[in-house]
Each structure stands twice: as structure tokens, then as C-alpha cells.
Amino acid sequence: MTAHGGPPEPVEESAAPGSRPDGHPAPPLPPDLRLASLEAHMAALGTHLAALDERARHREAVIDRLHAENQELRAGDRRALLDPVISDLIRLYEQLSREADGLRDRGEQRLAALLGSLADDALLALERVGVEPVEAGVGDPFRADLHRPLSTVGDPDPARSGTIARVVSPGFRDTATGRVRRRVQAHFYRHVEPAQP
């Protein structure tokens, strides 16, 4: 009832989804139209998923590249910090080895063994920070990138000219980069004509 006592006004009901305004259900779409609509939705979904997949792959590639660059920078920083220590360890190894050789030549075997052991410890420390010794032997041909001649030794045999006569100190190479930090120090043969009688 209203305020004046009349009958209540009818309330309009909204049409149910999928129905016509008169309240009757809408006729179903023909099967071929439903299939075409479904195919269109699936194609749009496939395109959207492919775009998302491409973006994800691009993001992963960027992340991988940035990670690799970060690793390189960190390795470079670590190497720069270690450079002075590596140089000092190389010098320490060479000094200990030279002293040990001199003591052996003078017959002081016990002290020579002690200094030789300390030289080996310095060598192990170098290997732990990524530096390995570069060995050379008598008779090896001269290589400018690997050898540092200290002097020449005259020899009448032309076949031995330009080869190592005696190694004074091994070289050292960075295991990560392959860069030679210290060349092998050695004396080299030089051909001289034999003296005429």
C-alpha cells in the first residue's frame, strides 16, 4: 500500500542475462557461430600468451647478461685488490729460491731445505689466488712473450743459438686470463765462431 492507501505500484524486474527484454530466453547461437567465436577467443589468447612468453625470454636474457657483467666486474675488482699481493708473493718466492740454491751450493743443506720449503709455501699461495708457474728447460727456443733473457752465453754450436742455457727463475701466468705476469728469466746461448788455432 502507498501513503494514500492505494494498491502498491508494480516493480519492474530486470531481464535475466541471456534473455530478451520481454523475459523470454534468447535463442542460442548456431553451432558454427559459437565455434567461430570460440576459435577467435582462443587465437587472441594464443597471441597474448606468445607475447608474454617473448617478454619473459627477453627479461631472462637481460638478467643473464647483467649477471655475467656483474661477475666480470667482481672478478676484476678482486683481481685488482690482489695484484700487489701477487707481485709480492712472486718476489718472495724468487728470493727464497735463490737463497736456498746458494745455501745448497755452500753445503748448508738443512737451511737450504728450510728456505726451499718456505719457497714452496709461497708457490702454493700463488696457486690459490689463481697464478701458476710457467716452467722452461735448457734447450727451449727463445720466445719473446714467455722469456726474459738476462745474458747470453757464447757457444760454437749454431743449433743451440737462441735456446736456453740456464733457467734462473720460472715465469708466472694468470690461470683465469692466461696473461703472463712474469716471464721466465734465463741465460741464452749465442752462436760464436770457434777460435782459430
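This dialogue walks through how to read a few features of the predicted model shown above.

Me: Before we look at details, what kind of model is this, and how are its residues numbered?

Reply: This is a predicted model, in which local features need pLDDT of at least 70 and side-chain atom pairs count only at pLDDT 80 or more, while totals for chains, interfaces and linings use all residues. Residues are numbered from 1 along each chain as its sequence is written, and side-chain values use heavy atoms, with hydrogens and water left out.

Me: How many helices and strands are there in the protein chain, and which pattern do they follow?

Reply: Helices (H or I, at least four residues) and strands (E, at least two) are DSSP runs, numbered from the N terminus. In the protein chain there are 2 helices and 6 strands, and reading along the sequence gives α-α-β-β-β-β-β-β.

Me: What span does α2 reach, and which of its residues are buried?

Reply: The expected span of a helix is 1.5 Å times one less than its number of residues. With 20 residues, α2 reaches 28 Å from its first C-alpha to its last, close to the 28 Å expected. As for burial, a residue is buried under 20% relative accessible area, exposed over 50%, and partly exposed in between (1.4 Å probe, protein chains only). After α2 comes Gly130, whose phi is positive, near 85°.

Me: Which residues touch the most other members of the largest nonpolar core?

Reply: A nonpolar core is a set of buried Ala, Val, Leu, Ile, Met, Phe, Trp, Tyr and Cys residues joined through side-chain atoms within 4.5 Å. The largest one here has 16 residues, and those touching the most other members are Ile86, Ile90, Tyr93, Leu115, Leu126, Val131 and Phe172. Helices α1 (31–105) and α2 (109–128) each supply at least two residues of this core. If contact is taken as heavy atoms within 4.5 Å, Tyr93 touches Ala119, Ala122, Leu123, Pro170 and Phe172, not counting residues up to four places away in sequence.

Me: How many residues apart are Arg57 and Asp53 within helix α1?

Reply: An α-helix has 3.6 residues a turn, so residues three or four places apart point the same way. Arg57 and Asp53 are 4 residues apart in helix α1, about one turn of the helix, and their side chains meet in a salt bridge (2.5 Å, N to O). Arg57 is partly exposed, with a relative accessible area of 47%, and Asp53 is partly exposed as well, at 40% relative accessibility.

Definitions and conventions:
Salt bridge = Lys/Arg side-chain N within 4 Å of Asp/Glu carboxyl O.
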